[in-house]
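Subject: Structure for you to look at

Hello,

Here is the structure I promised to hand over. Please open it first, then read my notes on the side-chain contacts below.

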Amino acid sequence: MVKFRSMTSDEYKMDQSTFRLLYAFYPTPFGKCLIAITDMDKAVVYFGFVDGVEERALKILQNEWPLSQLSEDTGRETKSIIEKVFQSDEASLDSLCVLLRGTLFQVQVWKSLMTIPKGECITYEEVAKTIDNPKAIRPVGNAISKNRVAYIVPCHRVTNKKADSDKYAWGVERKQAILRYERGLVVGDVVGDCEDHAVV
């Protein structure tokens with residue numbers, strides 16, 4: 001199970017001087033990704049898919065962590081993390097740490113997503129029930145939309161009751177491909193052959 005640390009925005013403002021962020025781009029079975037980790041304990045603070053130019057993705061990262069210095073991971077410290085993320089063995093994630101920044105409610109929602117079995121889906125209503133707040137369907141959806149550690153914190157496993165109104169920050173087709181991949185099915189043309197996207 002992934003280990004979590006969390007901080008509020010106020011805590012970030014006080015602690016921002018204690019860490020900088022190392023970032024790198026990698027190919028994955030679902031297209032290029034950008035990952036960022038803290039330089040001290042290697043906690044993942046950002047994981048997102050990149051469909052456009054890398055500079056735009058870096059701007060999004062900087063906006064998410066505006067007080068932190070970004071440095072390219074020339075030492076490839078992020079490589080082992082990427083390799084663990086895309087291993088089929090869930091135990092490979094046991095040594096992985098994620099740093100979540102948000103409100104207490106948002107962090108509660110994000111942590112609850114880790115209880116959804118790989119390859120399965122639940123609705124926003126079910127997530128709300130999981131955190132013992134069954135009426136908070138809309139706030140749950142809002143919190144999930146603000147998840148910035150894609151795939152690792154599996155917001156792709158939450159779906160709308162109406163399939164035609166489903167959403168995913170990195171594209172609905174990619175979301176469907178990830179779910180097929182997790183179910184052990186063949187990944188379609190949306191993402192290409194997984195063997196063509198090995199971490200290098």
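A search of the whole structure finds 13 aromatic pairs. Keep in mind that this is a predicted model. A pair of aromatic rings is described by the distance of the centres and the angle of the planes.

Start with Phe 30 and Tyr 151. Their rings form a tilted pair, 5.9 Å centre to centre, with 40 degrees between the planes. The two residues are 121 residues apart. Phe 30 sits in the loop between E2 and E3, and Tyr 151 in the loop between H6 and E8. Phe 30 has 1% relative accessibility, which is under 20%, so Phe 30 counts as buried. Tyr 151 is buried as well, at 7%.

Next, look at Tyr 168 and Trp 170. Their ring centres are 5.7 Å apart. The planes meet at 65 degrees, which is over 60, so this pair is edge-to-face. Tyr 168 is buried at 10% relative accessibility. Trp 170 is buried at 10% too.

Which residues do ring pairs link into a cluster? They are Phe 30, Phe 47, Phe 49, Phe 86, Tyr 151, Tyr 168, Trp 170 and Tyr 181.

One more ring contact involves a charge. Arg 101 lies over the face of Trp 65, at 4.9 Å from the ring centre.

Now the salt bridges. Side chains of opposite charge can pair when their charged atoms come close. How many salt bridges does a search of the whole structure find? The search finds 7.

- Glu 54 and Lys 32 meet at 2.9 Å, N to O. Glu 54 is in helix H2, and Lys 32 is in the loop between strand E2 and strand E3, 22 residues apart. Glu 54 is partly exposed at 30%, and Lys 32 is partly exposed at 35%.
- Asp 51 pairs with Arg 174, with the closest N and O atoms 2.8 Å apart. Asp 51 lies in the loop between strand E4 and H2 and Arg 174 in helix H7, so the bridge ties together parts that are 123 residues apart in sequence. Asp 51 is exposed at 60%, whereas Arg 174 is buried at 9%.
- Glu 182 pairs with Arg 157, again with the closest N and O atoms 2.8 Å apart. Glu 182 is in helix H7, and Arg 157 is in the loop between helix H6 and strand E8, 25 residues apart. Both are buried.

Best wishes

Note on methods: Residues are numbered from 1 along each chain as its sequence is written. This is a predicted model: local features need pLDDT of at least 70, side-chain atom pairs count only at pLDDT 80 or more; totals for chains, interfaces and linings use all residues. Side-chain values use heavy atoms; hydrogens and water are left out. A salt bridge is a side-chain nitrogen of Lys or Arg within 4 Å of a carboxyl oxygen of Asp or Glu. Helices (H or I, at least four residues) and strands (E, at least two) are DSSP runs, numbered from the N terminus. Buried means under 20% relative accessible area, exposed over 50%, partly exposed in between (1.4 Å probe, protein chains only). Rings of Phe, Tyr and Trp (its six-membered ring) pair if their centres lie within 6.5 Å; planes under 30 degrees apart count as stacked, over 60 as edge-to-face and the rest as tilted. A charge sits over a ring if NZ of Lys or CZ of Arg is within 6 Å of the ring centre and within 35 degrees of the ring normal.
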